[in-house]
Amino acid sequence: MLNIQEQYDYLEKTIREYNPGADLQQIRAAFDFADKAHAGQKRKSGEPYITHPLAVAQIVAEELHLDSESIMAALLHDVIEDTPATHEEVARLFSPTVADLVEGVSKLTRIQYATKEDEQMENLRKMLIAMSKDIRVILIKISDRLHNMRTMEYQSPAKQKQKSLETMEIYAPIAHRLGMQRVKWELEDLSLKYLDPIGYDEIVSRLDAKRPEYDALMERTQAQIHQRLQEMGIPHVVYGRMKHPYSIYRKMFNQNKSLDEIFDLFAFRVVVDTVGDCYNVLGVIHDIYKPVPGRFKDYIGTPKPNGYQSLHTTVMGSDGIPFEVQIRTKEMHEIAEYGVAAHWKYKQNGQGAGTEGKYEWVRKLLENQDGADAEEFIHSLKIDMFSDEVFVFTPNGDVQNLPAGATPIDFAYAIHSAVGNRMVGAKVNGRIVTLDHVLKNGDIVEILTSKSAKGPSRDWMKIAKSNEARSKIRQWFKKEKKEENIANGRASFEAELKHCGIAMKDVLSPEILPLLLKKVPYGTLDEMYAAIGYGGFSAQRAVSRIQGELQRIAKQRQQEKAVEEAMEPRQEDQPKAPEPKRVKAEQGIIVEGLDNCLVKFSKCCTPVPGDEIVGFITRGYGVSVHRADCPNASPEKRSRPDQAGRWIKVSWGSDTNDSYPTSLEVVAKDRPNLLLDISTALSTTNTFVLGLNSRSTEDNFAILRLEVRIRDSAQLTSLMNRLHQISGVLNVTRPAG
Ligand code: MN
């Protein structure tokens, strides 16, 4: 057992070997500082505490060949957490970077883990990586964990199990992804030792028992392969390895096999220059050893989804012990060994392209282990793997994965939309924060909710970073506000109806409601109310459309009534006309030079007061009155010699009748509801209708003949104008002749 000074000297020696430019003076200062800071502290084993940071620094140097700052940080990694030393002090005495590294390692130490389902574990791993910010933090942390696992025997059984589980679930996978295969295997085997001591012992004792046999077999086999390939002139590297205990254990457990049934306890790897040589080597191997049927896999022809390429075959050794041979090119080997980290995200998102460059540092790191200047490259190896994500804890220790810049709002909606909708506040690491507080990796976030919470505000939409939160908030507004909108919309609709003198019950009548809904772009009244409440539609517009519809229906009824009324008097009128009791002798007509003569109005032009008129003395029927413009009273006719003496001047007296029957002809483009609109015009002008008939022409015109009673020409002109305004009406004339 080396004493502390000897341990330190060994560390220096290790560093010098791979990094002659290391700052040994500062490293020693760090060691001295840590030694003093931890003075009096003891490990569970009874050793002085400083032996632990020293051992971690040794791993960091020996296994990972890291730079001076990393070694200083490894020596100091527990001083901020476990001694009075502060970040400021470390920053001042050494460097801010060293202080940040130590602080980073301490933060990871503070994280509490509970075993969870796989997805949670993956998030925890990512959280650790993300929290590390600087790759060196996680590398030191893994080294720290490795030493703790190596010295776990002094801990209580409960602690052993807990730490081993954590190592198995968190640190070994991270080591694997960072390409630290040897560290990974050791972490797994140490964990297994505490998690399943019996299983572990069984495997180890049986492997130990056969160790000499296995070692001899490996050496012999390796030599055989090497010799044959040399004879064939194939440039190659060949080496063998034994499966490590945890890997055997997993295989036994997963495939329910005994140790003897495991074919690939041994594996040999042959690395060559070309793909062609891979297949040449395969031929050679199958020539030396008998292949085990069904065990050949061509991952060169068909690479694994993560890009892994190799030829795998299992053969029977000369001693009757099967072993696996993996054959690949150097390039494939590099991807297999170091590319795993590059596929970290690949596995997560199912999209691998373009991520390679991001993980270039892993490759550099490992390449660097073959020499080169440790101080040179390590500085730039900042972790940006998860720069677009942030990982935070729920109070239960579940990890939530949120987009970078996420706030408690994002967190709350990630938990459940009900949590978000009832949120009234948030705590981060036990302290109340504002809702726009930006969450950091490792934060413990607690959402304060209330059943009487009013729900999200529109501002939240701007604060939230995740699409999930935003869409859940939007949903809330749609759904939750809809009820509010409907209530508000109905209120303003009813107010508007009242304003227009329409009763709500009229609108709701089964006769009208469907008609109304055709007039608005909504399927139901509630939808219309919601739109009015939301501001997407106005109550005025809704009512005006409805009003039009109501009026139309009212008019339709009036029209039906008007036609009925029109039919009745017409039937009554016929025998009565000319109405003796109303019509005065002159019927409002002054016939020049003649008193009390019989006057009748011509059927051809139906003159009304105001019209220019002329009279014609009929034989036996008195004076017939024509409009001056009537074709039957044309100047030609009037000047005919046989009739010239019979035309006399007539004029309207002051004492005209209340009304006179007259005719109108309306020519219109035929369309639905034309008759209805004309009826409406007649009824709104209080025109007394004697008769109405219409016919359609072949070219889709309608010709209507109207018989009405009219007071005078002014009223008639007004009616004609009104009719002319009706859509589709082309011409309104007074028929004559
Ligand atoms: Mn430690």
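Analyst: What follows is a short account of the chain and then of its salt bridges.

The model is predicted, so local features need pLDDT of at least 70 and side-chain atom pairs count only at pLDDT 80 or more, while totals for chains, interfaces and linings use all residues. Residues are numbered from 1 along each chain as its sequence is written, and side-chain values use heavy atoms, with hydrogens and water left out.

The chain has 29 helices and 20 strands; helices (H or I, at least four residues) and strands (E, at least two) are DSSP runs, numbered from the N terminus. Of the 737 residues in the chain, 48% are buried. Buried means under 20% relative accessible area, exposed means over 50%, and partly exposed is in between (1.4 Å probe, protein chains only).

Now the salt bridges. A salt bridge is a side-chain nitrogen of Lys or Arg within 4 Å of a carboxyl oxygen of Asp or Glu. By this rule the chain has 20 salt bridges.

One of them joins Asp273 and Lys330, whose closest N and O atoms are 3.1 Å apart. This pair links distant parts of the chain, 57 residues apart: Asp273 sits in the loop between strand E2 (266-272) and helix H14 (275-288), and Lys330 belongs to helix H15 (residues 330-342). Asp273 is partly exposed, at a relative accessible area of 43%, whereas Lys330 is exposed, at 53%.

Another salt bridge is formed by Arg490 and Asp526, with 3.7 Å between the closest N and O atoms. Arg490 is in helix H22 (residues 467-499) and Asp526 is in helix H25 (residues 525-534), so this pair ties together parts that are 36 residues apart in sequence. Arg490 counts as partly exposed, with 34% relative accessibility. Asp526 also counts as partly exposed, with 35%.

Asp629 and Arg627 form a further salt bridge, and here the closest N and O atoms are 3.2 Å apart. Asp629 counts as exposed, at 56% relative accessibility, but Arg627 counts as buried, at 6%.

Salt bridges can also share residues: Glu12, Arg16 and Arg28 are linked in a network of them.
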